[in-house]
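Take a moment with the sequence and the structure before reading on.

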Amino acid sequence: MFSVITCIRDNHDWRLIVAAVVVCLIGNLTAMLLLFRAQQYDRVQQRLWIMASAFACGVGIWATHFIAMLAYDGGFPITYGLGLTALSVIIAIGMSLLAILVASEGTSRYAFASGGVLMALGIGAMHLTGMQAIEAPVDIVYDLYATLVALVIGATLTSAAFLAFSKLKGAQRLIVSALAMVLAISLMHFISMSSITLVPVAGRSATAMLEPKSVAAIVMGVSTSLILLALGAVFLASHLTDLRGLANATMEGLLVLHEGTIVDANERIQQLSGWPLADLIGRGPDGILMTTGSATTGNIETLLTTREEREIPVETMTRRMVYRGRTCEVLAIRDLTERKRAEQMIEHLAQHDVLTGLPNRSLFDTRMRQAIQVASRKRAQVAVFYLDLDRFKAVNDIFGHAEGDRILCKVAAILRRVVDESATIARLGGDEFAIIQTGQRQPDGGRRLADQILDGVAAEMDIARDPTAVGVSVGIAVYPADGETVEQLCGNADTALYRAKHAGRGKACFFDAEMDASIKARREIENELRHAITRNQLYVHYQPILDSVSSAVSGYEALMRWNRPGHGTSEPSIFITIAEESGTIIQLGEWVLREACIEASRWPQPLSIAVNVSPVQFMLPNLYDRIASILQETGLAPERLELEITEAAFVRDRKATISTLMRLHDLGIRIVMDDFGTGFSSLSNLRALPFDKIKVDRSFTGILEHDPAARSIVRAIIGLGHSLGIQVVTEGVETEMQRQIVTNEGCQQIQGLLLGKPDIEPSVKMAARESYLAARAEPRHLRPTAAIK
């Protein structure tokens, strides 16, 4: 190392040494920067960048060696042979390329070391070739040992340079690797130079053509210019490549137009149209687009014709720009295929049922209006079918929604098979389907289609064998006989369907104005009942229950009334059965129970309040919880509440009903057997449950005066109650004779119009009424009234 320093100090011009190191640093920084750039491209582009990096590195190595040689002063003139000097440049660039390729693309984990060794060999080969290019009156003698040391040091440092480049990040990888390369090149050169021996040869002369310092300046300038030119050219190419890459990366096709002719295009429009760039250039955009816009227009939707004559929906937009020194128009073309497909999908979903793929109610209504318009112009007929699946709810509840969905799809498939293609099949929701039949004479066409539907469903769904099989009921209305609007036709078809289901299911019925009048009225009641609570149309009357001996009021029965708009007050006998069949009784029963408990909680005396409970309500698994919640909410003591039930409550699920009643009785609520002696009257029910009261049905009370058999039945019921320790109430007492008969027979409580009509506001009039009755020597009765919110 000391001899190297001595060699540099004594035999070299330090200014040229600094210049050599600067050139070396510039060359290697450029090489590493280009190598870094190469890693950001695909394999084809990467090779071009590596070649540029190798050129910068090779020129830097050669220039460093040549300038350092010019800085050397051996005491005699030196010139260089042109051939070997040029060869040394080629060796430097070629070995740099080979070393960089091995280091950057090698698969071995030690590829950096292989590249470093090759780089050191290249530097050494270049150095020896350059030394051989010297023309001077001396022979050069090399020290083999020093040369090997220089190769080892160079290989180590260049390997470290490649390792640093692969491991470090950011600016560090460029700086550290470039410095390592500079150090390797410099040390190899000066170690070799410090170990050579120059032996003068007599008679050999060399004439320098230029002053060494001038030559050094020229070499430094030229080499630096070459390196910077390579760097600049690469960056310019990179910039242009990035702009074209950006244009090619966009999802929109781009056409550059000059005077209406295509002068350039990006890859996207070539892919979209199928035309290569060479075929696009020189032609007008009208060759591939049906319409184009100008710079003053906005977005235009049009069609693009591909090379295969396919038409693609596209959107175009035009802008002006300066391109290659000329004012051009850039036509941006966006593929709308996916958007159009999505719009079609959204439109389809908005008008079709997702499960079956059939038109939904919205599209059905549109098709209905269109069919009526056409039929009106042509004086034709249109049949509207409403279909409802029998037993579907039970199958869906038992076997699950997945099985229910399968059945709906199967029914849809059957309808598609049996219905003509000109007809519209729709799923309106749930298990309801509808069909629009046009172009047929009615009612024959409707009757044939109805038979085909019934036969098709029956053939594929055998209820006797398949527990998941369902049937179908059909209602049919015909335009214009059964209605001239969509609403009328659909309403009448629905009414006909209602009649078909109540006629035994699995049938088809045409709308009949006379026959369906009562059904329509029933449907109207059913529909209006659903909103009676929210519209405040319901209220409660309270009828007193008196002690038969003292005539004192012992309690009241809550009787629901419906103030139906346009019909006045409706009695329970009109709407309760319909409410039970439709399920509305659940809400009505809960409402009347709450209202009765609220009213009873205001009374000054702790009288009982009796409320009827429908058998349908006992189908609720949480009936007990609902009743207990209402008592807690209103603050009424359970002992004051009497629940009146009929024996029909035991028909569906006797065990569950008894369990619920036992829990209610344990809570303190009194259980009353209503309408005893009629229907399913069974003594086993009296034995199974601790009934607190039995109510003799009013059908027996009304004929007591004239029918000895009825009197015997009432006497037997009262006697049965006495023997079981159960109070007996006789309802429907309307004459004094009836009151005397049931009192003489030992009935404890009586109820009827003779004793007090159902009325409102018992809490207001109760005190005054008690005073009035106390002043009279006749049996007392109250006519309670209560305003219900």
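## Two helices side by side

The model shown here is predicted. Start with helix α4, residues 82-105, and helix α5, residues 111-132. Their axes come within 8 Å of each other. They cross at roughly 180°. Angles over 145 degrees count as roughly antiparallel, so α4 is roughly antiparallel to α5.

What classes of residue make up the contact of α4 with α5? There are 17 nonpolar residues and eight polar ones.

Ser 96 is found in helix α4. Is Ser 96 buried or exposed? Its relative accessible area is 1%. Buried means under 20%, so Ser 96 is buried.

Which residues does Ser 96 touch, leaving aside its neighbours within four places in sequence? The contacts are Ala 54, Cys 57, Gly 58, Ile 61 and Met 119. Met 119 falls within the range of helix α5, residues 111-132. Ala 54, Cys 57, Gly 58 and Ile 61 fall within the range of helix α3, residues 43-71.

Helix α3 also holds Ala 56. Ala 56 is buried, and its relative accessible area is 0%. Along the chain, Ala 56 and Ile 93 are 37 residues apart.

## The chain as a whole

How many helices and strands does the protein chain have? The count is 27 helices and 23 strands. The chain has 789 residues, and 46% of them are buried.

The accessible surface of the chain comes to about 38,500 Å². Carbon and sulfur atoms account for 58% of that surface.

## Aromatic rings

The structure holds three aromatic pairs. One of them joins Tyr 542 and Trp 603. The ring centres are 6.1 Å apart, and the planes are at 80°. Planes over 60 degrees apart count as edge-to-face, and this pair is edge-to-face.

Where do the two partners sit? Tyr 542 lies in strand β15, residues 538-547. Trp 603 lies in the loop between α19 (585-600) and β18 (608-612). The pair therefore ties together parts that are 61 residues apart in sequence.

Both partners are covered. Tyr 542 is buried, at 0% relative accessible area. Trp 603 counts as buried too, at 5% relative accessibility. Ring pairs also bring in Tyr 556: Tyr 542, Tyr 556 and Trp 603 are linked into a cluster.

## Cis peptide bonds in loops

The peptide bond from Gln 442 to Pro 443 is cis, with omega near 10°. Pro 443 is found in the loop between β12 (432-438) and α15 (444-460).

A cis peptide bond also joins Tyr 479 and Pro 480. Here omega is about 5°. Pro 480 lies in the loop between β13 (471-479) and α16 (486-502).

## Positive phi angles

Arg 391 is not a glycine, yet it has a positive phi of about 70°. Its place is in the loop between β10 (382-390) and α13 (392-399). Arg 391 counts as partly exposed, at 37% relative accessibility.

Asn 536 is not a glycine either, and its phi is positive at about 55°. Asn 536 is found in the loop between α17 (515-529) and β15. Is Asn 536 buried or exposed? Its relative accessible area is 64%, so Asn 536 is exposed.

## A residue in strand β20

Finish with Phe 676, which is found in strand β20, residues 670-676. Phe 676 counts as buried, at 6% relative accessibility.

Conventions: Residues numbered from 1 in each chain as written. Predicted model: local features only at pLDDT ≥ 70, side-chain atom pairs only at ≥ 80, totals over all residues. Heavy atoms only, no water. Axes fitted to C-alpha atoms, helices over the stretch in contact; angles between N-to-C directions. Helix = DSSP H or I, 4+ residues; strand = E, 2+ residues; numbered from the N terminus. Parallel < 35°, antiparallel > 145°, perpendicular 65-115°, else oblique. Nonpolar A, V, L, I, M, F, W, Y, C, P; charged D, E, K, R; others polar. Buried < 20%, exposed > 50% of the residue type's maximum accessible area, 1.4 Å probe, protein only. Areas by Shrake-Rupley, 256 points an atom, 1.4 Å probe, with all protein chains shown as cover. Phe/Tyr/Trp six-rings, centres within 6.5 Å; stacked < 30°, edge-to-face > 60°. Contact = heavy atoms within 4.5 Å.
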